[in-house]
Amino acid sequence: MGGKEQLFQERFKRYSVAMECGKPDKVPVVFPLGEWVIKYSDITLQEAYYDVDKATAVIDGVLKDLDFDVMFGSINLWWPPMFDAVGCRQYKFPGIYFEADAGFQYVEEEFMKAEDYDDFIANPTQWLVENYLPRVNEEFSEPGSYRATVALIKGAAGFAMHNGKTAQVAQKWSQEFGIVPYGTGMTKAPFDTLGDSLRGTRGILLDLRRRPDKVAAACEAIVPHNIAFGMITSAGDTSLPCFAPLHKGAYPFLSLEQWDKFYWPTWKKVIEGLWALGKRVFFFAEGDWTPYLERIAQLPDKSIVFCIDLTDAQKAKKVLGGRFCLYGGVPTTLLTYGTPQEVKDCVKRAIDELAGDGGFVLAAGGVVMGDAKRENIEAMLEAARQYGAY
């Protein structure tokens with residue numbers, strides 16, 4: 001073994017030791033891939049979303065001169081050809097619905113009505129197939145019709161082709177650049193599943209007051225599905241954590257009482273269920289989660305990688321440090337509005353405060369925005385190597 005394979009193994013070991021709360025040879029550092037990369041290329045976001053080969057060529061050019069361990073994120077989070085084929089009402093992409101260089105749009109609606117709760121709770125999968133899919137996808141409005149069948153075939157083909165391409169790209173980056181992916185698979189907190197995709201923000205907030213018992217029962221019904229989804233989408237891998245974007249759990253979206261009653265119990269069950277299967281959760285805590293740190297500390301040791309965005313980093317270190325890997329340290333706003341020197345100062349401060357006894361990964365605390373500066377990203381990686389040796 002030598003060259004890039006050896007480099008991959010060194011980086012994978014560094015990341016794995018940190019996730020186990022140990023002290024590797026140096027602090028692992030994460031490259032945040034995102035739409036900002038396209039700003040420094042000659043292709044549009046529409047091309048990046050729909051043409052994996054073009055997007056890959058752009059990313060290759062950015063990666064070749066950088067030194068980091070793990071890559072997080074993607075230019076394109078979704079499957080535009082599949083969504084277009086089935087007439088999805090939730091996701092709209094550039095070049096078709098608006099200008100070619102704008103980011104995708106999420107259109108939130110109440111695709112699950114208040115009167116649907118009982119049927120959903122009784123059998124979530126059956127309700128999704130019979131009700132949600134026809135409502136959210138225009139081409140499925142007449143299930144079993146010729147039009148719906150053709151759309152299903154085209155959508156499935158688009159999904160498979162896109163995923164096949166991206167899997168090949170991930171393997172290529174590992175072989176050519178020695179890059180370790182941050183995780184495998186995806187799951188969500190049941191309250192987010194209900195509030196994001198089914199009831200919508202307005203609907204779920206009204207439900208908390210008008211039908212709280214239905215909300216609690218629906219979240220319970222979602223638990224086994226979100227455990228299964230995490231394992232299925234990771235193809236059973238347990239070496240890397242499962243991504244969990246957490247949207248409606250950050251303080252103060254819910255009151256402390258609501259969080260304790262509606263958000264945490266079922267989200268805790270999903271994390272514990274995955275951990276029982278050997279799968280760690282990438283607890284992507286965008287926003288401020290400081291008031292909840294003591295509750296989060298109730299989880300089994302090492303069962304999560306806790307991402308620090310606006311959460312009090314020193315308190316997170318005090319409450320969670322040594323039992324859970326901490327991830328972050330660099331605000332995403334600094335990567336857009338700061339200077340390279342300010343970024344380097346921030347990296348040094350984060351390593352001094354959070355990395356002393358291991359169990360820390362240096363990274364941006366959230367999704368890096370499309371207007372982030374390339375020189376600031378490079379400054380973050382350089383400073384991590386400069387100050388991150390143990």
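A cavity here is a set of points on a 1 Å grid over the protein atoms alone where a 1.4 Å probe fits but cannot get out. Keep in mind that this is a predicted model, where local features need pLDDT of at least 70, side-chain atom pairs count only at pLDDT 80 or more, and totals for chains, interfaces and linings use all residues. Residues are numbered from 1 along each chain as its sequence is written, and side-chain values use heavy atoms, leaving out hydrogens and water.

Select C21, K317, G321, G322, F324, L326, D357, G358 and G359 to see the lining of the largest cavity, meaning residues with an atom within 4 Å of a point.

Next, pick F31, W267, F283, W289, F306 and L362, which have the most contacts inside the largest nonpolar core, a set of 93 residues. Such a core joins buried (under 20% relative accessible area, 1.4 Å probe, protein chains only) Ala, Val, Leu, Ile, Met, Phe, Trp, Tyr and Cys residues through side-chain atoms within 4.5 Å. Apart from this core lies another, of 19 residues, among them L240, F243, F284 and C307.

Last stop: W78 and Y91. Their rings form a tilted aromatic pair, 4.6 Å centre to centre with 40° between the planes; pairs need ring centres within 6.5 Å, and tilted falls between stacked (under 30 degrees) and edge-to-face (over 60). W78 is buried at 18% relative accessible area, and Y91 is buried at 12%.

Methods:
Buried means under 20% relative accessible area, exposed over 50%, partly exposed in between (1.4 Å probe, protein chains only). On a 1 Å grid over the protein atoms alone, a cavity is a set of points where a 1.4 Å probe fits but cannot get out, and a pocket is an open set with protein on both sides within 12 Å along at least five of seven lines; lining residues have an atom within 4 Å of a point. Rings of Phe, Tyr and Trp (its six-membered ring) pair if their centres lie within 6.5 Å; planes under 30 degrees apart count as stacked, over 60 as edge-to-face and the rest as tilted.
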